[in-house]
Each structure stands twice: as structure tokens, then as C-alpha cells.
Amino acid sequence: MESNRFKLFFVLVFLSIRTFAQNTSKPDSTSNFPSIKSFFKKGNLEGRSRMYYMHTDNAKPYEDYTGLAIGNGLRYTTPTFKGLSGSFGGYYIINMNGTQNLGIDSLTQTPSRYELGLFDIENPKNQNLVRLENLYIRYKKGILDTKYGQFTPKYAFLNGQDGRMSPTMVRGLNIGINPNKNLTLELNWINKISPRSTIRWYSVSESMALYPMGRNENGKKSQYSEYLNTKSLYLLTLNYKIQNKLSFKTEQYILPQEFSLNLTQIEFNSEKWQFGNILIFQNVLKSNAETIEKYINSNSFVQSFRIQRNFSKSFFANINFTNISKSGRFLFPREWGKEPFYTFMPRERNEGTGDTKALNFNLNYKTFKKIELNGSYGRFYLNSDPFYNKYTMPSYSQTNLYVKKNFNKAFDGFSAEILYVRKSPLDKSLSDPKQIVNKVNLNLLNVIFNFAF
């Protein structure tokens with residue numbers, strides 16, 4: 001089936017070029033593309049490179065981890081002809097750790113958690129990682145904007161989560177309708193996913209069990225991967241700008257036989273203030289299976305708030321709060337994207353928890369020299385009961401310090417980033433290694449160099 005779809009893809013490409021050739025074979029003084037060669041020369045070529053160094057410093061006597069990767073990618077997008085265009089590109093990652101393992105803690109037999117994401121999680125010793133990423137045909141005319149193929153999703157839960165070397169990609173059909181400048185409707189049918197930190201394309205079901213699966217609600221090791229058989233993910237979104245300062249968004253996810261999820265977000269933005277509210281309702285669709293067979297067992301509800309004060313165009317501060325209800329765990333495959341909670345802080349998530357309360361505070365400042373400074377502090381109160389805690393995560397505090405510099409003139413296109421993370425347990429008497437290693441009592445350093453053209 002997969003090969004047939006991509007045969008169809010290339011047939012469509014061929015037909016579009018053939019149609020183009022037929023149209024341009026006739027003299028036309030108004031044509032911008034007198035030949036196929038001139039057509040492709042008018043396309044857009046983009047490139048991106050990244051060097052990423054990461055180091056986790058766990059409290060003694062536990063193991064530390066280090067990872068270094070270098071990646072390069074190219075993407076070409078054709079010009080538009082009669083509403084049709086296409087894009088293709090790939091990315092290549094060099095594992096600078098070589099064939100050496102990232103290390104396993106000798107006391108707990110715990111492997112690297114963060115550094116592993118720089119490479120291929122299925123084969124960490126793989127030194128040369130190549131992935132065909134963008135590969136799609138797009139038709140845009142009037143209010144219709146649709147594409148079929150492989151692309152990076154940009155939604156609340158389904159997104160590129162580009163915090164490592166290369167983003168999460170999806171394969172499927174996207175149909176967008178834009179009746180006016182304030183309203184956008186989108187429908188997505190997804191049948192393949194290539195998560196971040198992988199180089200292959202997986203069925204929807206396979207992609208849900210690539211990252212650690214944690215424990216089930218009875219406290220035993222999760223085994224739901226053997227029982228997943230969903231073939232497609234469906235997503236309907238609506239974005240509406242009600243007026244200059246008020247916006248509304250809703251996203252409806254349907255994963256047949258597993259769950260449905262609705263996100264509703266309302267934001268008010270003015271020159272000095274921003275207020276945001278997110279409501280998330282998740283419902284189980286597989287109700288008659290045993291706990292061991294199910295990815296999700298309970299309905300859940302999440303609410304997240306933001307209050308932000310804009311002191312100037314370059315300086316703002318916000319305070320955020322998230323509550324995950326006691327009805328059950330909130331679950332969404334981490335392979336598919338990062339969570340949109342206002343309290344989200346890079347290098348940790350609250351997916352997989354229930355009866356959770358999170359509070360954080362952020363300061364962000366951009367200098368006139370294209371330097372961005374960000375400081376964040378959060379406290380996350382989690383219930384340790386397996387019914388509410390999939391990944392054996394303790395309550396914790398987290399501090400993030402982030403600096404980004406965008407260069408210009410001779411070094412236009414270059415940027416450098418440094419992210420420092422400190423995570424500590426709220427329970428200072430915590431002694432269970434499963435709740436400590438790679439989770440709390442650690443310092444995490446990220447140093448990133450980017451080049452894009």
C-alpha cells in the first residue's frame with residue numbers, strides 16, 4: 001500500500017510537469033517560465049545545519065551522559081504553476097559519539113534519557129543517519145490550500161518538537177480552507193509518522209510505542225504496544241481571529257479505537273497584557289478491553305492559564321498555571337509532539353500524569369544586539385500513585401536559563417543557543433533511584449550552533 005501511494009505521488013509529479021510542458025510549448029509572451037529548466041531555476045533552495053552538544057550531570061553516585069551530533073539538510077520547493085507546487089528535502093546526522101554507547105548507569109541499569117534523542121533511538125550506535133523528510137505536492141488556489149505527502153505538522157499536540165536534531169514528520173493529506181483572513185479550517189488524515197530521534201517511517205500504531213512506555217495503572221510495565229492496531233489519525237482544526245485582540249482556536253483529534261481529544265484555546269492580546277485559557281477534554285474510545293491491552297483507560301480534563309505583562313516590545317513576564325484532573329492520566333504519544341500547556345518547560349513534560357498541579361514564572365528579554373534572554377522557574381506537584389503517574393516521576397522544581405544570539409552581516413544566518421536546566425525533587429527525602437536518575441537532582445547543559453539559508 002505504501003509503495004502504491006508513492007507511485008501515485010510521482011505519477012502526479014510527472015503529469016504536472018507534462019501539463020506544464022504542454023502549456024509552455026506554445027508561444028506566450030506573458031509566461032514567466034518559457035521552459036521547464038527556467039521553471040525549476042525559479043524554485044527556492046533552503047539549507048540548515050546544526051551542531052548539538054548535550055551533557056547530563058546526575059547527582060553522585062549515578063552516571064553522567066554526554067552526546068554530540070552534527071546535522072545538515074537541504075530542501076527544494078518549486079515555484080507555483082496554476083496553483084501546483086512541490087517540495088522535497090532530506091537531513092543527514094553524524095553521530096559524533098561514534099560506536100560508543102551513551103552509557104548505562106551501573107546501579108540502576110538506566111540508559112541516557114536526553115542525549116539519546118540526538119541520535120536514532122532504535123540504534124544509538126548508528127553513525128550515519130539519513131532521512132527523507134519533506135516530499136509533497138501542494139495545490140493552492142482561492143480559499144483552498146491542500147497538500148499530500150510528507151511534511152512537518154504545526155499543531156498544539158502534533159508538532160515538530162524540534163528540540164533535538166530533526167523534527168517529527170507526518171505523511172498524509174492536509175486540506176486547508178481560508179474563507180477570509182480571520183478564519184482558517186484544516187482537516188488532516190495521517191497514516192505514517194516519523195518521530196523526532198528516528199530515521200524510519202512508522203504506522204500510526206507503531207509510532208506510539210517507540211519511546212519508553214512507562215507503567216500501567218496497576219504499577220506494572222506497560223504492554224499496550226502489542227494491542228495497538230489503529231491505522232490513521234484524524235485532526236480537524238479551526239482558527240478564528242475574532243477581533244484584533246481576541247483569538248479562538250479549537251483542535252479535534254480522533255485516534256480510532258483509542259481516544260478522542262478536544263483542545264479549545266482563547267487568547268486576548270493587547271499592547272501591555274496577554275491572557276490565555278486552554279481547556280482539554282480527552283475521552284476513551286476502547287472501553288471493553290483489559291487494562292494491559294489499552295493505551296488509555298480513563299477520561300481526563302486539563303485546564304491551563306496564562307497572565308502576561310508586556311513591559312515593552314522586547315521585555316515581558318508571565319505566570320502560568322496548569323491543572324490535570326483526578327479523573328485519570330492525561331495521555332498523548334510523546335513521539336508526536338510536545339504538549340501546549342502554558343506551564344511547559346523544555347526538557348520535561350507532564351503528559352502521563354493525573355491529579356497534577358503546575359505553576360511557573362517566565363521572564364523574557366530581547367536586546368538590541370539580537371540576543372534573547374529567558375529565565376523560567378516552575379514547581380510541579382505530581383501524584384505518585386501509578387494510577388496517576390505513568391513514568392514514575394516525582395514532584396519537582398525546575399529552573400531554565402536560556403540565551404540565544406542571532407548573528408548578522410558576514411555571519412547572517414548563524415545563531416547560537418545555550419540552555420541550562422536544573423531539576424530538584426520537592427521531597428528532599430526522596431531515595432528511590434527510579435525516581436531520581438535522569439529525572440531530578442540533575443543539571444543539564446545544551447549548547448547549539450545553527451546555520452540556515
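User: Before we look at the fold, what does contact mean here?

Analyst: Happy to start there: contact means heavy atoms within 4.5 Å. This is a predicted model, and among contacts in the chain between residues at least 6 apart in sequence, 61% join residues at least 24 apart.

User: Which helices and strands does the chain have, and how many?

Analyst: There are three helices and 19 strands in the chain. Its radius of gyration is 23 Å, close to the 22 Å that the globule rule gives for 453 residues, so the chain is as compact as a globular protein of that length. Of those 453 residues, 47% count as buried.

User: How is a pair of aromatic rings described?

Analyst: Two things describe a pair of aromatic rings: the distance of the centres and the angle of the planes. In the whole structure, a search finds 23 aromatic pairs. Take tyrosine 253 and phenylalanine 332: their ring centres are 5.5 Å apart and their planes stand at 75°, so this pair is edge-to-face.

User: Where in the chain do tyrosine 253 and phenylalanine 332 lie?

Analyst: Tyrosine 253 is in strand E10, while phenylalanine 332 is in the loop between strand E14 and strand E15. The pair links distant parts of the chain, 79 residues apart. Both tyrosine 253 and phenylalanine 332 are buried. They also belong to one aromatic cluster, whose members include Phe157, Tyr224 and Trp336.

User: And what about phenylalanine 311 and phenylalanine 315: stacked or edge-to-face?

Analyst: Planes under 30 degrees apart count as stacked. The rings of phenylalanine 311 and phenylalanine 315 have planes at 25° and centres 5.1 Å apart, so the pair is stacked. Phenylalanine 311 is partly exposed, at a relative accessible area of 49%; phenylalanine 315 is partly exposed too, at 28%.

Definitions and conventions:
Residues are numbered from 1 along each chain as its sequence is written. This is a predicted model: local features need pLDDT of at least 70, side-chain atom pairs count only at pLDDT 80 or more; totals for chains, interfaces and linings use all residues. Side-chain values use heavy atoms; hydrogens and water are left out. Helices (H or I, at least four residues) and strands (E, at least two) are DSSP runs, numbered from the N terminus. The radius of gyration is taken over C-alpha atoms; the globule rule is 2.2 Å times the number of residues to the power 0.38. Buried means under 20% relative accessible area, exposed over 50%, partly exposed in between (1.4 Å probe, protein chains only). Rings of Phe, Tyr and Trp (its six-membered ring) pair if their centres lie within 6.5 Å; planes under 30 degrees apart count as stacked, over 60 as edge-to-face and the rest as tilted.
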